Amino acid sequence: MEQNYEFKLDKLTVGYDGKPLIRDITLSLEKGRIMTLIGPNGAGKSTILKSIARQLSALGGRMYFGEKDLVSCSREELAKTMAVVLTDRLHTELMTCRDVVAFGRYPYTGRFGLLSAEDEEKIERAMKLVHVQELSEKDYGRISDGQRQRVLLARAICQEPELLILDEPTSYLDIKYKLEFLSILLKLQRERNLTVIMSLHELELASRVSDRILCVKGEFADRYGTAEEIFQKEYICQLFEIPDELQKSDLGKGILSSILT
Amino acid sequence: MDKKKRRRRYGTAFAVLVVLLVVLFISNICIGSVPVSFLEVKDYFLGRNVPEVTAGIIGKIRLPRALASLLLGGALALSGYLLQSFFRNPIAGPFVLGISSGAKLAVAVLMILSLKKAMQLSSLMMITAAFVGAILSMAFVLAMSKRVSKMSALIVSGVMIGYICSAITDFIVTFAEDSQIVNLHNWSRGSFSGINMANVQVMAVVVICGLLLVFFLAKPIGAYEISEVTAKSLGVNVPFLKVSLVILSSILSACVVAFAGPVSFVGVATPHMVKRLLGSSKPILMIPACFLGGAVFCLLSDLIARMVFSPTELSISTVTAVFGAPVVLIVMAKRRKEV
């Protein structure tokens, strides 16, 4: 029973500059499942993701992936376990998409970062998997947001992680790219048994792809459960503080019912 | 196929830099108020007999000066490259950020103190003083960089720090005893003259050690240049890398200031020029290319400084600014949206 739960948070407390923002998050997630964080803007979804990725040091609590203690394991070990795509701005002067993807091999290459034939092949395969092989020689600065997001996903894949952390990966994508991106994620989940933890703004997407949903609001993580459990009209309206008159208007009714089927 | 093409381009770029370096190095030895023929230079290096006067000119004056231009030029460009990587700011450099001026101030103070106490100055003392000055200026720039987020604001604060340090240096020089003023004044404008072989040995050790250490940081620098988050997520020890970048860039620019005074624009401009030449920003290529490029830049500038108005010598910064400043302007114009 215990072994099935690969990813575990035990009373994780996160925040900035020693000030706790969200306290005592305790949850477990089976290997190969997708967990999505939802919640109002500024609730702390990114803060939680950054803390799991150890970009921010956690203010308290433990994180485990299987037997591995994610708080105390070495940087190198963490980089081989977990790949991260956050929303920071990238400086990629004169870099091709392939160069950007190749950084995924960083934890595996030697002192000078030279790529072996095996590394090259893994880069190639990762790019093929997310359909960006035709961008290989293009300048990363000159492709669309949707293409960039996929290139970054390819980078994450060739890092060969067991755990993938994504912060709002679909935010700037049009509907075609959103669907494409999420279908690649589902494929990765199926084929590589990859565990995914991400935040999404689009509730209709979250409800379709997530095995577990973590609702973030206020000082504690509000709720954790399956999509069916979370996507109840009353609860969602309460989570996002949607006022009554909006809920009862024709527009509100229509949109809410389309999300919450 | 693309890979082959790119390899060829890198090969060509390095060949161009090496050829320029060799040609300029020899020209710097041959050309001067007393011309020395190429054959004489060849004989000198092969240990054959050359007239004593010629041997003196080569061995005591031109060779150390050319070697100093080569090593210090390389050090400046490398220091500029490290600063640009550190701040992810294309117009950062030891001179514009006021680091050279801080080092200059510290060295000026040391020179005057030594004069008062009649103490002999060693190269190592000069470098140490310059390093202390450079690190102090760097500390100010770092403090400012926490408060300002815009690239241009950072540069302006660096320029201001430079002005403050230069003003204090001028003040000290004005009240120093006469005999030393001339010496100090020449040096404080930046010049490769008056460097002897013993100086060259010391700077060779410092600069080459610096170059090797930077080489070992090539891999993490590449990841860090993309973004700090990326570097961290790939397992880079970011705090250690940042401290290393600050210390190495300060040592390299301090070494230049200690021997040649402040030299402007080589550090800012060279990385951009070699980046265009290579068509790549990979640190493993950029590090050696910057070193070679900086050496070429300084050898050429020193040749021009000595020759154009001979026998009057221009200060080296006069020449480097003429070539370097337009490069900075072009870079700024191209990125006006971000700056």
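1. Let's start with R54(A), which sits in the loop between α1 and β4 of chain A. Helices here are DSSP runs of H or I with at least four residues, strands are runs of E with at least two, and both are numbered from the N terminus. R54(A) has a positive phi of about 60°, although it is not a glycine. That deserves a second look because most residues other than glycine have a negative phi. R54(A) counts as buried because it has 20 C-beta neighbours inside 10 Å. The cut-offs go like this: 20 or more other C-beta atoms within 10 Å of a residue's own means buried, 12 or fewer means exposed, and anything in between is partly exposed, with C-beta atoms placed from the backbone.

2. A quick word on what you're looking at. This is a predicted model, in which local features need pLDDT of at least 70 and side-chain atom pairs count only at pLDDT 80 or more, while totals for chains, interfaces and linings use all residues. Residues are numbered from 1 along each chain as its sequence is written, and chains are lettered from A and ligands numbered from 1 in the order in which they are written.

3. Back to that loop for L56(A), which lies between α1 (45-52) and β4 (60-65) of chain A. Is L56(A) buried or partly exposed? It is partly exposed, because 18 other C-beta atoms lie within 10 Å. Leaving out residues up to four places away in sequence, L56(A) touches V14(A), T47(A), K50(A) and S51(A). Touching means contact: the C-beta atoms of the two residues, placed from the backbone, lie within 7 Å. L56(A) and G15(A) are 41 residues apart in sequence, yet their C-alpha atoms are 8.1 Å apart in space.

4. Further along chain A, have a look at K178(A) in helix α6 (residues 175-192). K178(A) is partly exposed, with 19 other C-beta atoms within 10 Å. Apart from residues up to four places away in sequence, K178(A) touches T170(A), L173(A) and L205(A). E202(A) is 24 residues from K178(A) along the chain, and their C-alpha atoms are separated by 9.9 Å.

5. Where do the two chains meet? The contact takes 23 residues from chain A and 22 residues from chain B. On the side of chain A that touches chain B, helix α2 (residues 75-81) of chain A gives the largest share, four residues. That side of chain A divides into twelve nonpolar, four polar and seven charged residues. For these classes, Ala, Val, Leu, Ile, Met, Phe, Trp, Tyr, Cys and Pro are nonpolar, Asp, Glu, Lys and Arg are charged, and the others, Gly among them, are polar.

6. Now chain B as a whole. It has 14 helices and zero strands. Its radius of gyration is 20 Å, which agrees with the value near 20 Å for a compact globule of 339 residues; this radius is taken over C-alpha atoms, and the globule rule is 2.2 Å times the number of residues to the power 0.38. Along its principal axes, the C-alpha trace of chain B spans about 60 × 55 × 35 Å. Buried residues make up 47% of the 339 residues in chain B. Of the contacts in chain B between residues at least 6 apart in sequence, 76% join residues at least 24 apart.

7. Which way does helix α3 (residues 52-87) of chain B run against helix α11 (residues 238-260) of chain B? Their axes come within 9 Å and cross at roughly 150°, which makes α3(B) roughly antiparallel to α11(B). Among the residues in this contact are A68(B), L72(B) and F86(B) of α3(B), and L245(B), V246(B) and F259(B) of α11(B). By class, the contact has 16 nonpolar, four polar and one charged residues. Axes are lines fitted to C-alpha atoms, for helices over the stretch in contact, and angles run from 0 to 180 degrees between N-to-C directions. Under 35 degrees counts as roughly parallel, over 145 as roughly antiparallel, 65 to 115 as roughly perpendicular and the rest as oblique.

8. Helix α4 (residues 99-116) of chain B also packs with α11(B), at an angle of about 50° and with axes 9 Å apart. That makes α4(B) oblique to α11(B). The contact includes I99(B) and V107(B) of α4(B), and A254(B) and V257(B) of α11(B). It has six nonpolar, three polar and one charged residues.

9. R88(B) is partly exposed, with 16 other C-beta atoms within 10 Å.
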